Amino acid sequence: MPDTLLIALFAFVGAAAAGLLGACVLLLIRRRSLTAHLAVVAGVAVTAMLAGTLAVAQAMFLSAHDLSVVTTVVAMAAVVSTVTALLLGRWVVARSRDLTLAARSFGDGGDFAAPDGPATAELAALSRELAATSVKLAQSRDRERALESSRRELVAWISHDLRTPLAGLRAMAEALEDGVAADPDRYLRQIRTEVEHLNDMVGDLFELSRIHAGALTLSLSRISLYDLIGDALAGADPLAREHGVRLVGDRVEAVPVQVDGREMSRVLGNLLVNAIRRTPADGTVAVAARRSDEGVVLSVTDGCGGIPEEDLPRVFDTGWRGTHARTPPAGAGLGLAIVRGIVEAHRGSTTVRNVTGGCRFEVTLPAAEG
């Protein structure tokens, strides 16, 4: 066997023995600090070199002087590498500890602030991820506070809206029971009207609860937006006549959409009812539909006089009904929240903006394929 190959074999056997021993030590201290792991790795490297050197020296019958020189060189290398590994380990551990302390701010409801000073590429990447997560958590907290505020507002409005019709129903029922009602038929008609109003309110609450629970199931089909809007305008016409409002729908393109017809009819109905109730008599509510780069845009423009700019971001919130001047005598502020929930379930979006004399609600839906 050539000498070079023999030397390589003896060196490999000695280094492999040291490597196996080091692997066992690393397995035993796997839960210890990174400093200990780096020290073991440095020790394994030096020990492997020393074991290989000793094995070769033994096989080649080196003199005691040469073996002493080699051993001394290896020992010095062991000291330097071990000290270097310990310093590196302590620095990495210190940076990790600073990062851990900074990350604890998540649990305290604060924002993440990355520790100052240099860091390894891995720790820097982790710090960036924690900073991004901190931003997302802050946004989530803001949304949670806004939702909680909306829930409290909704409970207050619902309690107020339920109290009035229930008190009226109780008074009319007692009058009919005592036989003091001057016109029983009128009382019965009024009771029916109030019951229908309460039924609509309960239906809105049930629909909103399905949306928030993610239990809204859609049955998608290809429908012409022209037909959908035509049916919605026909359904809203009696209410428009009652309020003296003119409905206009002459800017509707016959574009196909892939939607749930029943749910989308509810979206249009809620938008039209909202627009009619807030448009003064002799006013106009205009409906339009067109193609755009984002998909299909459906808009409902009313004559409400506009919404304060600070209120625009809250228009689609649950329970929002705006200022007292814009608050109708009926409704719990659920209609527009239901609109947003249904549209988002269709992978669409809702927006509102002020225009001359009123405001325009826009619903953007994905265009039908094919």
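How much accessible surface does the chain have, and what share of it belongs to carbon and sulfur atoms? In this predicted model, the accessible surface of the chain amounts to about 21,900 Å², and carbon and sulfur atoms hold 59% of that area. The chain has 370 residues, of which 34% count as buried. Its secondary structure consists of eight helices and seven strands. Contacts across the sequence are also worth a look: among those between residues at least 6 apart, 69% join residues at least 24 apart.

V79 has a relative accessibility of 47%, so it counts as partly exposed; the exposed class begins only over 50%.

Another helix gives a contrasting example. N270 sits in helix α7, made up of residues 261-278. Is N270 buried or exposed? Its relative accessibility is 18%, and N270 is therefore classed as buried, since the limit for that class is under 20%. Leaving aside residues up to four places away in sequence, N270 touches G335, I338 and V339.

The strands can be followed next, with β4 as the guide. Strand β2 (residues 246-252) and strand β4 (residues 284-292) run parallel and are joined by five bridges. Within this pairing, R246 stands opposite T284 of β4. Strand β4 also pairs with β5, this time in the antiparallel sense and over seven bridges. R291 faces V296 of β5 across that pairing. The link from β4 to β5 is a hairpin of two residues.

Finally, the aromatic rings deserve attention. A pair of such rings is described by the distance of the centres and the angle of the planes. The structure holds one aromatic pair, formed by F316 and F361 in an edge-to-face arrangement, with 5.9 Å from centre to centre and 85 degrees between the planes. Why does this pair tie together parts that are 45 residues apart in sequence? The reason is that F316 lies in the loop between β5 (295-301) and α8 (335-345), whereas F361 belongs to strand β7 (residues 358-365). Both F316 and F361 are buried.

Conventions: Residues are numbered from 1 along each chain as its sequence is written. This is a predicted model: local features need pLDDT of at least 70, side-chain atom pairs count only at pLDDT 80 or more; totals for chains, interfaces and linings use all residues. Side-chain values use heavy atoms; hydrogens and water are left out. Buried means under 20% relative accessible area, exposed over 50%, partly exposed in between (1.4 Å probe, protein chains only). Rings of Phe, Tyr and Trp (its six-membered ring) pair if their centres lie within 6.5 Å; planes under 30 degrees apart count as stacked, over 60 as edge-to-face and the rest as tilted. Helices (H or I, at least four residues) and strands (E, at least two) are DSSP runs, numbered from the N terminus. Two strands pair if DSSP finds at least two bridges between them. Contact means heavy atoms within 4.5 Å. Accessible areas come from the Shrake-Rupley method with a 1.4 Å probe; for residues, only the protein chains shown count as cover.
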